[in-house]
Amino acid sequence: MDTIHLAAAPGTTWALAPQDAEDHLRARFPDLRAWQEQAPASGKDYVTFQVDLDGASRRGSYFARGHLILDDGDADLWADTAAWFLGLLPADARAIAMIESNPDSVRTIPPGADAAQVREILRSLFDVE
């Protein structure tokens with residue numbers, strides 16, 4: 001179990017507001033519990049959410065302009081959600097991925113990547129540990 005970070009590639013941003021992300025997450029996960037917040041240090045708006053997946057409560061956050069954090073899981077647990085989320089972005093949106101336990105290993109996720117591709121990219125991050 002680790003924390004997966006998906007972010008806009010350096011030099012880019014994602015034009016998805018936290019409220020819009022919450023609305024999409026709520027449509028995907030009807031049991032979603034979510035809170036709109038603001039980071040005290042940066043002033044960035046974000047949504048924190050909890051959802052039941054694979055028999056346990058999982059957490060995540062989405063920060064305005066391009067950073068999705070998926071906690072308490074691995075590549076297999078979060079790949080479908082990550083690919084679905086990236087599919088909400090414009091077709092040419094660029095993304096990178098890393099896991100919290102190994103921040104020096106970063107992978108690019110190509111635009112339009114499907115769940116299987118995202119799973120393999122995320123697995124490669126876990127394999128480096």
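**Exercise 1.** Determine which backbone atom lies 2.7 Å from a polar atom of the side chain of glutamine 117, and describe the setting of glutamine 117.

*Solution.* 
Step 1. The backbone nitrogen of aspartate 114 is the atom found 2.7 Å from a polar atom of the glutamine 117 side chain. A polar contact is a pair of N or O atoms within 3.5 Å; within protein, one must be able to donate a hydrogen and the other to accept it, and residues adjacent in sequence count only if both atoms are side-chain atoms.
Step 2. Glutamine 117 belongs to helix H3. Helices (H or I, at least four residues) and strands (E, at least two) are DSSP runs, numbered from the N terminus.
Step 3. With a relative accessible area of 38%, glutamine 117 is partly exposed. Buried means under 20% relative accessible area, exposed over 50%, and partly exposed in between (1.4 Å probe, protein chains only).
Step 4. Glutamine 117 and leucine 6 are 111 residues apart along the chain, and their C-alpha atoms are separated by 14 Å.

The model is predicted: local features need pLDDT of at least 70, side-chain atom pairs count only at pLDDT 80 or more, and totals for chains, interfaces and linings use all residues. Residues are numbered from 1 along each chain as its sequence is written, and side-chain values use heavy atoms, with hydrogens and water left out.

**Exercise 2.** Characterise the packing of H2 against H3.

*Solution.* 
Step 1. Helix H3 spans residues 115-128, and its axis comes within 8 Å of that of H2, at a crossing angle of roughly 135°. Axes are lines fitted to C-alpha atoms, for helices over the stretch in contact, and angles run from 0 to 180 degrees between N-to-C directions.
Step 2. This angle makes H2 oblique to H3. Angles under 35 degrees count as roughly parallel, over 145 as roughly antiparallel, 65 to 115 as roughly perpendicular and the rest as oblique.
Step 3. The H2 and H3 crossing is right-handed.
Step 4. On the H2 side the contact involves Ala75, Asp76, Ala79, Asp80, Ala82 and Ala83; on the H3 side, Ala115, Val118, Arg119, Leu122, Arg123 and Phe126. Contact means heavy atoms within 4.5 Å.
Step 5. By class, these residues are 8 nonpolar, no polar and 4 charged.
Step 6. Arginine 119 of H3 is buried, with a relative accessible area of 18%. Beyond its neighbours within four places in sequence, arginine 119 is in contact with Ala75, Asp76, Ala79 and Asp80.

**Exercise 3.** Identify the partners of glutamine 38.

*Solution.* 
Step 1. Glutamine 38 is located in strand S2 (residues 33-38) and is exposed, with a relative accessible area of 51%.
Step 2. The side chains of glutamine 38 and aspartate 45 are joined by a polar contact of 3.3 Å. A polar atom of the glutamine 38 side chain also lies 3.1 Å from the backbone oxygen of glycine 43.

**Exercise 4.** Give the phi values of arginine 65 and aspartate 72.

*Solution.* 
Step 1. Arginine 65, in the loop between strand S4 (56-63) and strand S5 (67-73), has phi near 85°, a positive value in a residue other than glycine.
Step 2. Aspartate 72, in strand S5, has a positive phi near 60°.

Conventions: A crossing is left-handed if the near helix is turned anticlockwise from the far one by less than a right angle, and right-handed if clockwise. Ala, Val, Leu, Ile, Met, Phe, Trp, Tyr, Cys and Pro count as nonpolar, Asp, Glu, Lys and Arg as charged, and the others, Gly among them, as polar.
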